[in-house]
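Subject: Structure for you to look at

Hello,

Here is the structure I promised to send over. My notes follow below it.

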Amino acid sequence: MWRRNGFSLINQIYYYHNVKCRVEMFDKDIIMLQVGASMMDPDHFLMIVLSRFELFHIFSSADCRKRLREASKDLVQQNNTLIEEMLHLIIMVVGERYVSGVGQVEPFDEVRREIIHQLSIKPMAHSELVKALPENGNKETGLERVIDSVASFKKPGVTGRGLYELQSDWQKHFNLYFHHYSRADQSKAEEAQRKLRRQRGEDTALPPPLPPPLSPLFSSLVNLLQSDLMLALQGAVLLWAGEPSGGGWTEAILQRVLHLVGLALLEEQQQLETRGEEDVSFRYSCKITRPGEAPSPSGSVLALLESLQNAPHLEVHKDMITWILKMVANVKTMRERSSCSSTVTVRPGQGLEETLHDRDQLERKRKAEMARLRREKIMAQMSEMQKHFINENKDLFLEASGSTAESSPPRSDPPCVSQVCLGPRRSGAALRRQLVTCILCQEEQEVRGQGRAMVLAAFVQRSTVLSKNRRRSLPEPVHYDPLFMHPDLSLGTHTASCGHIMHANCWQRYFEAVQVKEQRRQQRLRGHTSYDVEHGEFLCPLCECLSNTVIPLLPHTHSPDLSVDHPSLETWLKTTNQQIAALCSAHRKQSGVEGAEPEVPEGFRVDFTPQNPFSSSISEMITTFNMSIYKVSLKLNPNEQDPRVPVLSWATCAYTIQSIERLLMDEDKPLFGSLPCRQDDCLSSLTRFSSSCWTAAPPTTAHTHFIRLFTALVPDSQVEDSLCVLDIDMFHLLVYSVMSYSSIHCLDQSEHRTVDSAHLHLLHLVTVAHLVQILLTSITEEVCMDQDSEGSEEEELTCQLYNTLRKHLGSVLPELPSGCQLSRCVRLGVLPFLRASALFFHYLNSTAPPTELLVIGPGQWEALCSFLSLPCNLLQLQEHTLLETLIHRWCVHPGVRQALQGGGGMVRFPRESNRLIELPEDYSTLINQASSFLCPRSGGDKSRAPTLCLVCGCMLCSQSYCCQTEVGGEDVGACTAHTFTCGAGLGLFLRVRESQVLFVAGKTKGCFYPPPYLDDYGETDQGLKRGNPLHLCAERYRKIERLWRQHGVAEVIGHAQEANQTLVAIDWQHL
Ligand SMILES: [Zn+2]
Ligand SMILES: [Zn+2]
Ligand SMILES: [Zn+2]
Ligand SMILES: [Zn+2]
């Protein structure tokens, strides 16, 4: 019962002080008190105050106070609070003069003072300031007229809002006992102001500001400050302050008294300055030198202050007391001067001030010196400990440096040869031991094929970020054949990681615990969490990054065997063809079909079963990751027997590399060295994983894949259903064939195992195929500016190849453009492929990148080609006679002619990077657009929540029954339905009426994100409540775009939902 009354009282107090009501209540009450005080004898007024606060007896006799202190602690505390309140009230009655009529001020000053005090708490945004000011009948605060005179505007960065900061010359107007501060505001402001002063190296005293003069009617108000009772109160408190605080007084009481003393001195100084000695009846400085009467007979207020100045328990107030003593000295000299020569009023005397100041400075210096010495001592200790540690572990340090020296094999070729990342000349990976630490048990572990499995938390998601064709419908999961990626890259699987490493079994234990916890939670409460345990989702135990699987860490590949000869392309093609024939016949035999025994190359054993290079725990993790990719890519239940398993793992590797290559290109970053560590770790473990992922599947699976890939690249004239060269993304083809080749290679038990040569030959073949692809699709008939330049070898060869193609295909190809134009097109078109390949082989073979590619600058092309072991003039590759027949076979495929004649949907190279749609500069354009948008389903009705897809620009009728559709057996809103066609389950929208960006992932997850539109004060207006004109902030929009292109939206949603549980409860699927 009491509490309920208590709450109602708290509510009343809240509204009494609230911005909206205080003008009529609190402010008016203060004025009433001021009216009363100005018309009464000051001692009488103070007496009434004392008795209303029931504090008279405390100040009346020391005995009474003593008795009280012995009575009960609660009572003492209660009394202290009352004293604080009373002193505060007196401060307000005397000091609050910013109402025209009471003080000599304009309404302008009133608003300005309000703003100064709000900004003294912290820099504020426009909307916060508006909220803190009372509005008049026209909903105006007067803020606009004043703000620029006291504050400077700080532009918002990419995050955050535009903020107003108080200019430093207005800081002296800060009043700690500003009547509109709540207790919390007051302490925040006090802290902020002290900090500011410390930063500027000033003392931390917060003296009252100079108050404006009172209007004549209220001029007697100041007498409160010098009334006898006031002096007695001050004397009593200062006397208490001399004793160490045992609860008998509080710092707040002392601070208020000091404030009152300061206020009085300021008043006297001001009067002396304006009127001259004779007219000034305010003689506070004289009165405080008088010894106190009962009940504090000990000494004058001034003497008490002087004795307190160096009291050790009052360190905090020292600066304030010093300031007061300085003021007293000032006022005294002013009085003396004006009495001897009334004409000259000199500004305060400097003598005492300076000595005080100097003493202060000396003290500060001494303290700084001591701190410096202490720091030096600690540093010395630390370096001593370090030395000691090195001495103790000398062997370890020697070992570490020794092992790297030993492991790099003696190199026969000269060291000046630049880095090469593949082929027989490739620079071997420095055989560094890979030591990693588990974030869960903190144990160190070396990454070895036969060791304990270590895993990297990862997040796999479907992606359409690179898609060049959003109209292509999602593949039917059961019959989808992922072996050949279409160049439009309409759907891929992206893998990202936060880079945190765990033991596989530590992670399993952690994940099981998460599952159990989630089950228990679901029994108690319904609803979703920010992560979906049923889909294997969890939060990284260290950084809480959304993850849904783990990537096993695998050891580096070995250095190349330099003793083996590099077979020529013919030899290699011949051997590979023979190997394939042998495999095919073996497969046929298995299925019971007899055929002619083909010639088997020497040492090639079809029935050889290679030893699994991995320990059981690593193999298990390989399967785990394989299955996660399978589940996400196909949305099917895991099936380890599905032959598509390894293909999907290769696909995510290729797609992730491609998307990162695009990001680096568009952000003008160098190809190597600019990726954050976590992405670097992710790509390197992902690449090494996918080169080994086939070991978890039956060996024939990988064989079959390689055979199909190889025949697509080197078409067999006998096989009819080969694929059109225009329908294959060449980088995917390269990655798949390099990965699957390992399965063929390990059957070769002969002496000349040539895996590196094979990689190089594969790269050459695919590059030529890509060149042909580019020449077929991407040549436009624009005019080249520098036609008269002498044709280089590269241009000649390009023309030659183009002519060959025209010979095969005739008029479907445009007329021969100039050589320079052709070769420029080709270079531009093939560059993304080369860059992606360089990344791929760099991570596959752990080769250090060449220094030229660590920076942006000239010579990139040459460095890239030599890193990939390609000639700078790529066209030299096709001069091989063998390739002529290949090119012929690619061109005669009926699909090529069809595609060229069909025009339309052909993908041109280089593929342009996808961006979010262009948004208008002025938000009202969007509002107009949305208001004329009609619901497409309900025949001409206006849409309630028009929502714009930022990926494709489609306007949708969101959050409405009229446009719900069924996806996977559930009714979903237009936005969610759209994400499944446009973004493979992920969408970015702008809710136009709300001015809000909406992120949606799947059916259950979503969050709101600040829109890229800001008003002139640098603030967003979510919900369009403020109604200021809004303009596009390009940087913020780019930030959203980058988030999307980095595949970071799902993570943002996860973090938002973790931080704000109410987001979890929203039915996102109905938006
Ligand atoms: Zn562990
Ligand atoms: Zn993490
Ligand atoms: Zn869309
Ligand atoms: Zn509708």
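What arrangement do the four donor atoms around the zinc ion (ligand 4) make? The arrangement is tetrahedral, because the angles that these donor atoms subtend are 100 to 121 degrees, and four donors count as tetrahedral if all angles lie between 85 and 135 degrees. Please keep in mind that this is a predicted model.

The zinc sites

The zinc ion (ligand 4) has C935, C957, C962 and C963 as its protein donors, each through SG, at 2.2 to 2.3 Å. Along the chain these donors follow the spacing C-x21-C-x4-C-C.

The zinc ion (ligand 3) is held by C949 (SG), C952 (SG), H978 (NE2) and C982 (SG), with distances of 2.0 to 2.3 Å. This site is tetrahedral as well, with angles of 103 to 117 degrees among the four donor atoms. The donor residues are spaced C-x2-C-x25-H-x3-C in sequence. Within this set, the pair C949 and C982 links distant parts of the chain: C949 belongs to strand β10 (residues 945-949) and C982 to helix α33 (residues 974-982), 33 residues apart. C949 counts as buried, at 1% relative accessibility. C982 is buried too, with a relative accessible area of 7%; the cut-off for buried is under 20%.

Backbone points to check

The peptide bond from F909 to P910 is cis, and its omega is near -5 degrees. P910 sits in the loop between α31 (894-902) and α32 (923-931).

Positive phi values turn up at E544 and K635, neither of which is glycine. For E544, phi is near 60 degrees; this residue is in the loop between β7 (538-539) and β8 (546-547), and it counts as partly exposed at 44% relative accessibility. For K635, phi is near 55 degrees. K635 lies in the loop between α21 (616-634) and α22 (645-666) and is exposed, with a relative accessible area of 55%.

Surface

Y14, Y15 and M25 make a nonpolar surface patch of about 320 Å². Of these residues, Y14 is in helix α1 (residues 2-17) and is partly exposed, with a relative accessible area of 48%.

Regards

Technical notes. Residues numbered from 1 in each chain as written. Chains lettered and ligands numbered in written order. Predicted model: local features only at pLDDT ≥ 70, side-chain atom pairs only at ≥ 80, totals over all residues. Heavy atoms only, no water. Donors = N, O, S within 2.8 Å, 3.2 Å for Na, K, Ca; no water. Tetrahedral: all angles 85-135°; square planar, octahedral: opposite > 155°, others 65-115°. Helix = DSSP H or I, 4+ residues; strand = E, 2+ residues; numbered from the N terminus. Buried < 20%, exposed > 50% of the residue type's maximum accessible area, 1.4 Å probe, protein only. Patch = residues over 30% accessible without salt bridge, like charges linked within 9 Å, V, L, I, M, F, W, Y side chains within 5 Å. Areas by Shrake-Rupley, 256 points an atom, 1.4 Å probe, with all protein chains shown as cover. Salt bridge = Lys/Arg side-chain N within 4 Å of Asp/Glu carboxyl O.
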